[in-house]
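Open the model in your viewer and keep the sequence panel beside it.

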Amino acid sequence: MKHIHAGKVRDLYEDGDSLILVASDRVSVYDVVLPTRIPDKGALLTKLSNWWFQFFADVPNHVLSTTDVPAEFAGRGVRVKPLKMVAVECIARGYLVGSGLKEYERTGAISGVTLPPGLREGDRLPEPIFTPTTKAAEGHDEFITFDDVIAQEGREVAERLREFTLEIYTRGAAHAAGRGVIIADTKLEFGWDGDVLTLGDEVLTSDSSRFWPAAEWEPGRPQRSFDKQFVRDWATSTGWDKESPGPEIPAEVAAATRRKYVEAYELITGDTWD
C-alpha cells in the first residue's frame, strides 16, 4: 500500500483500485492536532460512522468493505471507493451554537441564511439550514453562501448537495432524538464516483457533529456534549492561543473524552462498546 494522505485525524492509503481510510486516535481542535491521543477514538469514530452508513443505505456512499482491510487497521480502517471530492464543507444546523452562533451575533445570518432576531445560544432553529463553508487545506474554513456554491459547482449540484445534507441531518437527528440525543449540527463531505454524487469521509460522528443529551437541553447557556467539544472547551480554558503547537491533554481529560465518545456510540446505536 502507498500512504497518499495524512489528514488531521485520518490517513489514506492506496491499495490497488481502492483506498483504505484509517481513523487515528489523534484529536484536532481549532484546526490544530493536539499532541495527546484519545484511546480508542479511531475505532469509535469508524464503528459509529459505519453504523450510520448502513442506516443511510439508500444514499450512495464510498464504503466497499468494513472488514477487507489489512490486519493492522482492523477496527479503524475501511476499504472505500476513490472519489473526486467536492471542495465544499456541507454543514447542516438545527440549533444555534459554535461558529454559527458567532456569525449570527455578528450579522443576523449564517452563510447568507437570515434567522429570526433574539435567538440565544442553544436555541432550536425554525428549521434545519444548510450553511456551507470553504474546504481549506490549511487554516480555518470560512462561511460561504448557497450562491457561492452555485457559482463554484453549478446550480444542479449545489441543490443536490443541500438536499442530501439536510436529508441526512434530518433523518439522523430524528433517530437520535428517539435515543435521547440532540444532534445540534453536523458536517458532511461528498465526492464524485463517476457521475454519481457520493457520501464520503464520515457520517454523524463525535468529531463531525455536536451531540447533546436531550433531557438536559436548556437554551441560553452552553450544553453538555458527547463530542469533542469537551476537549475543545478544555483547550480554550488553558489560555492557549489556538495556534500550533497545541497543549498536552491531561490523562483525566483524555479519559473523560473517551467516555463521551463511548456514551455517544452506545446511545445512538443501542450497542454496548466492547
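Select Pro213. Leaving aside neighbours within four places in sequence, Pro213 is in contact with Gly180, Arg224 and Phe226; contact means heavy atoms within 4.5 Å. Pro213 is found in strand β15 (residues 209-213). Strands (E, at least two residues) and helices (H or I, at least four) are DSSP runs, numbered from the N terminus. Is Pro213 buried or exposed? Pro213 is buried, because its relative accessible area is 8%; buried means under 20%, exposed over 50% and partly exposed in between, with a 1.4 Å probe and protein chains only.

This is a predicted model, where local features need pLDDT of at least 70, side-chain atom pairs count only at pLDDT 80 or more, and totals for chains, interfaces and linings use all residues. Residues are numbered from 1 along each chain as its sequence is written, and side-chain values use heavy atoms, with hydrogens and water left out.

Pro213 and Glu103 lie 110 residues apart in sequence and 25 Å apart in space, C-alpha to C-alpha.

Next, show the open sheet of 5 strands. Its order is β1-β2-β3-β7-β6, with antiparallel pairing; strands pair if DSSP finds at least two bridges between them. At the edges are β1 (2-6) and β6 (63-65), each pairing on one side only. Zoom in on β2 (residues 10-15) and β3 (residues 18-23). These antiparallel strands are joined by 6 bridges. Tyr13 has Ile20, in β3, as its bridge partner.

Helix α1 (residues 41-55) packs on this sheet and touches β2, β3, β6 and β7 (77-80). Its direction makes about 40° with that of β7; axes are lines fitted to C-alpha atoms, for helices over the stretch in contact, and angles run from 0 to 180 degrees between N-to-C directions. Colour α1 by burial: 12 of its 15 residues are buried. Among them are Leu44, Leu48, Trp51 and Trp52.

Then select Trp52, Ile168, Phe190 and Val203. They have the most contacts inside the largest nonpolar core, which has 48 residues. Such a core is a set of buried Ala, Val, Leu, Ile, Met, Phe, Trp, Tyr and Cys residues joined through side-chain atoms within 4.5 Å. Which helix gives the largest share of this core? Helix α4 does, with 8 residues.

Centre on Phe190. Beyond four places in sequence, its contacts include Met85, Leu161, Ile168 and Leu199.

Last stop: Val27, Val29, Leu34 and Val253. They belong to a second, separate core of 12 residues.
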